[in-house]
Amino acid sequence: MAGIIDWLDERMGARALARRVANPDIPGGPRLQYVFGAVLVYLFLQEVVLGVLLALYYSPSTATAWASTAYIQDQVTAGWFLRGLHLHTSSAMVVLVVLHFVQVVWTGAYRRPRELIWWSGVLMGMIVLGFSMSGYLLPWDQNAYWGTQVRTGILGSLPGGEPLKTLAQGGGELGNLTVTRFYAIHVFLLPLATALLLAVHLIALRKHGVTPPARLDEAARAQTKPYWPYQRVLDVGAMAVTGAALIAMTVYTHGAQLYAPADPTTAFVARPEWNFLFLYQLVKFFEGPLQIVATAIIPGAVTAALFALPLLDRAPDRSPRRRIWVLAFVGAVMAGVVALTAIAIVDDAGNEKYQKAHEAALQDAARARALAAEGVPALAATVVWENDPDFKVRALFKEHCATCHTIEGKGGQEAPSFDGYSERRWLFDLVRDPTAKRFFGGTKEHNAMEPLPASDVSDEDLWATVEYLYSLRGDAKDIDDAKASRGKALWDDTLECNGCHELERKAEGAAPTLAGRGTLEWIQRVIADSSAPDLFADAAEMPKYKDKLSEDEIAALAQFIVEQGAPASTSEEDATP
């Protein structure tokens, strides 16, 4: 190794170059305020390493992005730690950029002849935010999708922004090209731009050196000390403290959140990351045509002012007292950012609707990740829901039943609604008026059953009859025996229902047998073949699903229908809405 260094030193002056680059003199000696830049370089390099490790498992496409992220999070050894550390390091970079920015402004280190140092630093600060924004989309979960939908919508609303929106998205809407483009920006373009700007920054910094505090006199500034070992010890110590804090935060939070897979067909209340909350809150103050004030004019004006700062500051020296307007401007901007961020956090904390939606999103996320552990088909991440029995039976119902039947307020009206199907109230309303749309009013053939108005049978008598019919299920455990007995007497002696309905299992009549009506077995038989002689016979309008569905699918549908209404109380008051 020594021979190689000697060879390079003879031809390039390697040792002298290394001394100039790596061990410059520090005017006024080492200081803690100089560590921010070094820590930022360390964090950038840490992000590169973590990004490479994550890229070994990540697959950038709408079909695989969420699934591969879930795999990293839940199945790769320490994957949750790597992903969480990557996220928290990104946040730490934002914090360090702000601290470094404040330190540079306070000391006046942006002034001539250090303009290139300032401009390259401002650009790198913007790139740090660009890293956060581009990486935000990559998990392709609900929060990433809907949050990016808002951001690209804002981009498209700007003057001349529609072509930029199309370019960023790779088309008219978010999709596969959006993921690949954001991935390319995140892992190729932004790191390359950072490396180039960092090189310019460091070369200019080595040319002019660090900026000592303005309060030091000439004699104090002349007392220089070399970077090694004095300032380097402080830098390494700051890196160690920062690294330890990031590890502790990652372990405490158990990594980064991953919501359910992105689903454009659902609604989701997205929020930006904490470092963009101030812009999110600012937009709330400017609605409609004035939105451009918050999305372009104010941010653009602040950015332009920061770039122009070295040209506008004409104070005779770097003393803070002589640069009051600069410090006041920067202080106002920082105060505004902090205040807007705090308002956004407080508003969400007190927003009950948002909190409920967020809690539901977390539950969906946990369920989706648990299902993903069973394997994610290559089609798309949202198909993990097909591992969920509840999702499967709802899909079955939607495909085969929802055209005619209503459930949970959705569906057709050509056959009885299943909302509250297992409740006494459903039976009461059916007997009172079977021609209602909720029951048989939308069917073609079921018109033989006449309404039973209150003038013919009182509510009290009808509730007793309903209690008797409910007892015929055979599986009900909350029967009021006295009321059911009175209902049986009314059925036998007063009402004319027994002329059509039989009360024994599989006994044939002009209408379905009521023995076991509403039980799992009875509903399964109706689904399988509603034209059976003891069911709807020739009046049946339903297809015979025993020829279309498996026994397991029929059983799942029947169970789903049974669960739509828990048995109500035996009293009229409790059963009446």
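## Charged and aromatic contacts in a predicted model

Gly 153 is partly exposed, its relative accessible area being 31%, and its place is in helix α7, which spans residues 142–157. The structure described here is a predicted model, in which the count of salt bridges comes to 19 and that of aromatic pairs to 15. Between Gly 153 and Leu 549 there are 396 residues of separation in sequence and 44 Å in space, taken from C-alpha to C-alpha.

**Salt bridges**

- Arg 424 forms a salt bridge with Asp 478, with 3.4 Å between the closest N and O atoms. This pair links distant parts of the chain, 54 residues apart, since Arg 424 belongs to helix α17 (residues 424–432) and Asp 478 to the loop between α18 (459–471) and α19 (481–493).
- Within that pair, Arg 424 is buried at a relative accessible area of 1%, whereas Asp 478 counts as partly exposed at 30%.
- Arg 525 and Asp 534 form another salt bridge, their closest N and O atoms lying 2.9 Å apart; here Asp 534 is buried, with a relative accessible area of 4%, while Arg 525 counts as partly exposed at 23%.
- In the salt bridge between Asp 317 and Arg 322, the closest N and O atoms are 3.0 Å apart, and Asp 317 is partly exposed at 29% relative accessible area, as is Arg 322 at 48%.
- A network of salt bridges links Asp 364, Arg 367 and Asp 388.

**Aromatic pairs**

- Among the 15 aromatic pairs is that of Trp 80 and Phe 81, which is edge-to-face because the ring centres are 5.8 Å apart and the planes stand at 85 degrees. Trp 80 counts as partly exposed at 22% relative accessibility, and Phe 81 counts as partly exposed at 21%.
- The rings of Phe 397 and Phe 418 also form an edge-to-face pair, with centres 6.2 Å apart and planes at 65 degrees. Phe 397 lies in helix α16 (residues 389–400) and Phe 418 in the loop between β4 (410–411) and α17, so the pair ties together parts that are 21 residues apart in sequence.
- Phe 397 is buried at a relative accessible area of 3%, and Phe 418 is buried at 10%.
- Phe 397 and Phe 418 belong to a cluster, linked by ring pairs, that also includes Tyr 421, Trp 426, Phe 439 and Phe 560.

**Charges over rings**

- Besides its salt bridge with Asp 478, Arg 424 places its charged end over the ring of Tyr 470, at 4.2 Å from the ring centre.
- Arg 271 lies over the face of Tyr 354, 4.3 Å from the centre of the ring.

Methods:
Residues are numbered from 1 along each chain as its sequence is written. This is a predicted model: local features need pLDDT of at least 70, side-chain atom pairs count only at pLDDT 80 or more; totals for chains, interfaces and linings use all residues. Side-chain values use heavy atoms; hydrogens and water are left out. Helices (H or I, at least four residues) and strands (E, at least two) are DSSP runs, numbered from the N terminus. Buried means under 20% relative accessible area, exposed over 50%, partly exposed in between (1.4 Å probe, protein chains only). A salt bridge is a side-chain nitrogen of Lys or Arg within 4 Å of a carboxyl oxygen of Asp or Glu. Rings of Phe, Tyr and Trp (its six-membered ring) pair if their centres lie within 6.5 Å; planes under 30 degrees apart count as stacked, over 60 as edge-to-face and the rest as tilted. A charge sits over a ring if NZ of Lys or CZ of Arg is within 6 Å of the ring centre and within 35 degrees of the ring normal.
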